[in-house]
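Here is a short briefing on one structure.

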Amino acid sequence: MFNINIPFYAIAIILALLSNIILVLLNSQKSKNFNNREIIGLLLYENVGIIVGAKILYFILNYEKLNGNFEFISLGFTAYGAVIGALVFVLLFCFQFKKELKETIYIVLPSLPLMYSISKLGCFLVGCCYGIEYNGFGKIMYQYSNETPNNVYLFPVQLIESILFLIIFIYIKDKQYKNKFNITTVGNSLILCGITKFLLDFLRMSHKNIILSFNQCISILFIIISIMILLKYKKSKQS
Amino acid sequence: MYCKRCGNKVEEIWKYCPKCKLPLIKKNIEFSKENMIKKQKQDKRDSIICIVIFLLGIFGIFFLNNYSIICFSISLISIVTGFIKYPNNIFIKILFLIFLICVILFGIIIIILFFTIVNFILTCNGFSAG
């Protein structure tokens, strides 16, 4: 409006990280096994893991396009890279400071769907990860984006993804509120996240001419691991 | 009886150290004052090692451009370890605070300013589907 460029994507990333920090701080208050210093350390490890993981996976997937040039600031982000990076750093934290992994995951996990939902809003506002060509209800058109084909009606897959992950976050918070947040909730949420990403990836323009994308393969892996965790928990509960 | 982590005097009936919240199980309690003093000297030596590794990591971030991520991770791990394991060391507290402020400022300023100044607006330049 005033010829000012607003970095929507950057603002969405920062809001996502802030929401993660606030939620982890709130969740950790319920835990008696973390003192304030450990909570700060966990937050640092997790958020650095998110950023580093997101950028490293992006670099690996686009190695040839970047000619092996690793310039941290200009690299993009990948969602699964962020999750894997966070998991690696959280595991390192638990190993280093002898914390129970289950309890740490209970603190860290609930904020991840909300983070993803907010960051997808950033994608929606700038036009990346855009959907297939579509002329039905809710179609969107970008006119100034450098990432999408301009003046073409597209499916708002980023917005749908943001809403669905927000619903998953509400499901987790509901379980926490009712004190029913346990391994079953963790497993169910991971399965829901995996299925959502797997199905929505078919509605992206980048999914043309391929059977399964890299994200869909990782989603399948997440679903399998979650099912194994749930089965193991059920078995141990029965015995 | 003393808490092994922070050296605070504790009572047998307590379940957690009131200062650092360490669970007061047998392995986390020091019964002898001499052992406690010995441990504090060892902690002082270990915290100096943490500080040295941290400073080497910071040096690497600025002077070893190709390995800046690795150096940053090393600095992060060393300063957080020092911050959690040696809560009585003031120098580590100050270094940690400076590190935390720099990380936050770097995150906000670099992400926003960079995207604004070089006109990376309205795009998530370089973002692959995910």
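Predicted model: local features only at pLDDT ≥ 70, side-chain atom pairs only at ≥ 80, totals over all residues.

Residues are numbered from 1 along each chain as its sequence is written, chains are lettered from A in the order in which they are written, and side-chain values use heavy atoms, with hydrogens and water left out.

**Chain A**
- The C-alpha trace of chain A spans about 60 × 35 × 35 Å along its principal axes.
- Chain A contains 8 helices and 2 strands (DSSP runs numbered from the N terminus: helices are H or I, at least four residues, and strands are E, at least two).
- Along the sequence, the pattern of chain A is α-α-α-α-α-β-β-α-α-α.

**Second largest pocket**
- The second largest pocket has a volume of about 1100 Å³.
- A pocket is an open set of points on a 1 Å grid where a 1.4 Å probe fits, with protein on both sides within 12 Å along at least five of seven lines; lining residues have an atom within 4 Å of a point.
- The lining holds 47 residues, and V83(A), L109(A), L112(A), L190(A) and F222(A) are the closest to the centre of the pocket.
- The largest share of this lining, 9 residues, belongs to α3(A).
- By type, the lining residues are 39 nonpolar, 5 polar and 3 charged.

**Nonpolar patch on chain B**
- A nonpolar surface patch of about 950 Å² includes I49(B), F59(B) and Y67(B).
- Patch residues have over 30% relative accessible area and no salt bridge, and nonpolar side chains are joined within 5 Å.
- α1(B) gives the largest share of the patch, 5 residues, and Y67(B) sits in the loop between α1 and α2 of chain B.

**Salt bridges**
- Over all chains there are 6 salt bridges (a side-chain nitrogen of Lys or Arg within 4 Å of a carboxyl oxygen of Asp or Glu).
- One of them joins E161(A) and R204(A) at 2.9 Å, N to O.
- E161(A) lies in helix α6 and R204(A) in the loop between α7 and α8 of chain A, so the pair ties together parts 43 residues apart in sequence.

Note on methods
Points joined across faces, edges and corners; volume = space filled by probe spheres on them. Nonpolar A, V, L, I, M, F, W, Y, C, P; charged D, E, K, R; others polar. Patch = residues over 30% accessible without salt bridge, like charges linked within 9 Å, V, L, I, M, F, W, Y side chains within 5 Å. Areas by Shrake-Rupley, 256 points an atom, 1.4 Å probe, with all protein chains shown as cover.
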